[in-house]
Amino acid sequence: MPYSPLLIGHISAGILGLLSGTAAMSFRKGSPRHVLAGKLFVASMLTMAIGAVYLAIVRHQPNNIGGGILTFYLIGTAWLTARRRDGETSHFDWVALLIPLALGILTWINGLRVVRSGASSQDGVPVGMTFFMGSVMLLAAAGDLRMLMRGGVFGPKRIARHLWRMCFGLFRTIIRKRNQI
């Protein structure tokens, strides 16, 4: 069975993201190797997320559309958090806040629809995972709103924001790749 070049690129970017993300976590924060591995991780994950959204649209897989958008959002905002100075925000952050808010609400609505239908899963995804992911999305939106209302993040909170977003984006990729094998 032949695979499309886009699918091969998507899978390759995902594998590179897994390897570079693991490397970035193993190097000392701020070291040249950490920065290099981090840049490679961000580039590969954003490439993989864009490919995922496109493939999901072509293959009519709505859950994967949201997953690709969420991964792009998490990695993008984590990268911005690391690049900025303490307390720095922009108008882009207000727009980005809408992504997890909309995805979280839609994911919860979908989970409630599945529960009301009497099913325990949809397309092989347990309804509990749907609610878990919807909750993570809404928590990310709440974190964005909190950051914006406080005028940015500072010190250890900035690093924590960077880490949880990068690591959860990596976690999402591990789970998706494991389910595709």
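**Ring pairs and a pocket**

Biologist: Why is F131 called buried in this predicted model?

Modeller: The relative accessible area of F131 is 17%. Buried means under 20%, so F131 with its 17% counts as buried.

Biologist: What makes W108 partly exposed?

Modeller: W108 has a relative accessibility of 31%.

Biologist: How many aromatic pairs does a search of the whole structure find, and why is the one between W108 and F131 called tilted?

Modeller: The search finds 3 aromatic pairs. One of them joins W108 and F131, with 4.4 Å between the centres and 45 degrees between the planes. The limit for a pair is 6.5 Å, and stacked needs under 30 degrees, edge-to-face over 60; 4.4 Å and 45 degrees therefore make this a tilted pair.

Biologist: How do you know that this pair links distant parts of the chain?

Modeller: W108 belongs to helix α4 (residues 91–117) and F131 to helix α5 (residues 127–149), 23 residues apart.

Biologist: Which residues form one aromatic cluster?

Modeller: F132, W164 and F168 do.

Biologist: What is known of the second largest pocket and its volume?

Modeller: Its volume is about 570 Å³. Of its 23 lining residues, H34, G38, A82, H162 and M166 are the closest to the centre. Helices α1 (5–26), α2 (32–58), α3 (62–83) and α6 (155–180) each give at least two residues to the lining, with the largest share, 7 residues, from α6.

Biologist: How does that lining divide into nonpolar, polar and charged residues?

Modeller: The lining of the second largest pocket has 13 nonpolar, 6 polar and 4 charged residues.

Methods: Residues are numbered from 1 along each chain as its sequence is written. This is a predicted model: local features need pLDDT of at least 70, side-chain atom pairs count only at pLDDT 80 or more; totals for chains, interfaces and linings use all residues. Side-chain values use heavy atoms; hydrogens and water are left out. Rings of Phe, Tyr and Trp (its six-membered ring) pair if their centres lie within 6.5 Å; planes under 30 degrees apart count as stacked, over 60 as edge-to-face and the rest as tilted. Helices (H or I, at least four residues) and strands (E, at least two) are DSSP runs, numbered from the N terminus. Buried means under 20% relative accessible area, exposed over 50%, partly exposed in between (1.4 Å probe, protein chains only). On a 1 Å grid over the protein atoms alone, a cavity is a set of points where a 1.4 Å probe fits but cannot get out, and a pocket is an open set with protein on both sides within 12 Å along at least five of seven lines; lining residues have an atom within 4 Å of a point. Grid points are joined across faces, edges and corners, and a volume is the space filled by probe spheres set on the points. Ala, Val, Leu, Ile, Met, Phe, Trp, Tyr, Cys and Pro count as nonpolar, Asp, Glu, Lys and Arg as charged, and the others, Gly among them, as polar.
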